[in-house]
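Hi,

Here's the structure I promised to send over. Have a look through it first, and my notes on what turned up are below.

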Amino acid sequence: MKSPFMLETRELGRRLETHWIWQKLNLKVEAGSRMVLSGPTGSGKTLLLRVLAGLDDPDQGLIFFQGRKQESWKMPEYRTQVALLPQRPAFAEGSVEQNWQIPFGFRERGNRDYDSARLESWLEMLGLPLEFTRKQTEDLSGGERQLAALLRMLQFDPQLILLDEPAAALDESNSLKMEALLKEWKQQNPECSWIWVSHDSRQAERVGDEVLELGEPE
């Protein structure tokens, strides 16, 4: 019987050396949901996102995506649907636009076409000039790197996006613009979901319908 949840974890646990970071974690993410992940430093929020994204292995428990065990997916295919935005995203040398176009050369992205008009409309929402597309990635500030990586990810409309403090390097004004962009994207993709790590309670109220609180590490 297929699970009614987009993503589900059962008794999930991860430890570092001799202590558990989190254990027996049962998480259920429905299609269209907006979840905020909160907790003190050291509680394993980033690690949980990496495990859900298939970048790290759990030490116990199972992850199901669309009713299938994570381990049964081919990871390139899985990551087209479960996408992680890290705090410090990586880029190849070249311009921002060249980096946006690189994933279209991957076999798993072969059914999509690069849509410059869509990205330009997002730049306008963020208050960024069109010249931003020609900026070299090594010249980007921390906040610009987060925004460039966010747009690179959103252009493929993944089913579940994992956002690791996406506004950490942004001031309040640009953070609100980013939130507005994500809400607009969500309206266009109502079945898509996100898990958003945030330490800001006001932001959590704006971007989440439910909060998962990770406790103090043991």
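Where does serine 193 lie? The answer is strand β9, and do keep in mind that this is a predicted model. Serine 193 counts as buried, because its relative accessibility is 0% and the cut-off is under 20%.

What does serine 193 touch, leaving out residues up to four places away in sequence? Its contacts include Met6, Val29, Glu30, Ala31, Gly32, Ser33, Gln159, Leu160, Ile161 and Lys186. With glycine 32 there's a polar pairing too: a polar atom of the serine 193 side chain sits 2.9 Å from the backbone nitrogen of glycine 32. Leucine 7 is 186 residues away from serine 193 along the chain, yet their C-alpha atoms are separated by 9.8 Å.

Now the pockets. The largest pocket holds about 750 Å³ of space. Its lining is made up of 31 residues, and Arg79, Ala83, Leu84, Arg109 and Arg152 are the ones nearest the centre. By class, that lining splits into 20 nonpolar, seven charged and four polar residues. At least two lining residues come from each of α1 (45-52), α2 (75-81), β7 (82-85) and α5 (142-154).

The second largest pocket comes to about 200 Å³. It has 16 lining residues, with Ala167, Ser175, Asp200, Gln203 and Arg206 closest to the centre. Here the classes are six nonpolar, six charged and four polar. Strand β9 (193-197) turns up again, giving at least two residues to this lining, as do α6 (172-188) and α7 (201-207). The largest share, four residues, is from α6.

Cheers

Conventions:
Residues are numbered from 1 along each chain as its sequence is written. This is a predicted model: local features need pLDDT of at least 70, side-chain atom pairs count only at pLDDT 80 or more; totals for chains, interfaces and linings use all residues. Side-chain values use heavy atoms; hydrogens and water are left out. On a 1 Å grid over the protein atoms alone, a cavity is a set of points where a 1.4 Å probe fits but cannot get out, and a pocket is an open set with protein on both sides within 12 Å along at least five of seven lines; lining residues have an atom within 4 Å of a point. Grid points are joined across faces, edges and corners, and a volume is the space filled by probe spheres set on the points. Ala, Val, Leu, Ile, Met, Phe, Trp, Tyr, Cys and Pro count as nonpolar, Asp, Glu, Lys and Arg as charged, and the others, Gly among them, as polar. Buried means under 20% relative accessible area, exposed over 50%, partly exposed in between (1.4 Å probe, protein chains only). Contact means heavy atoms within 4.5 Å. A polar contact is a pair of N or O atoms within 3.5 Å; within protein, one must be able to donate a hydrogen and the other to accept it, and residues adjacent in sequence count only if both atoms are side-chain atoms.
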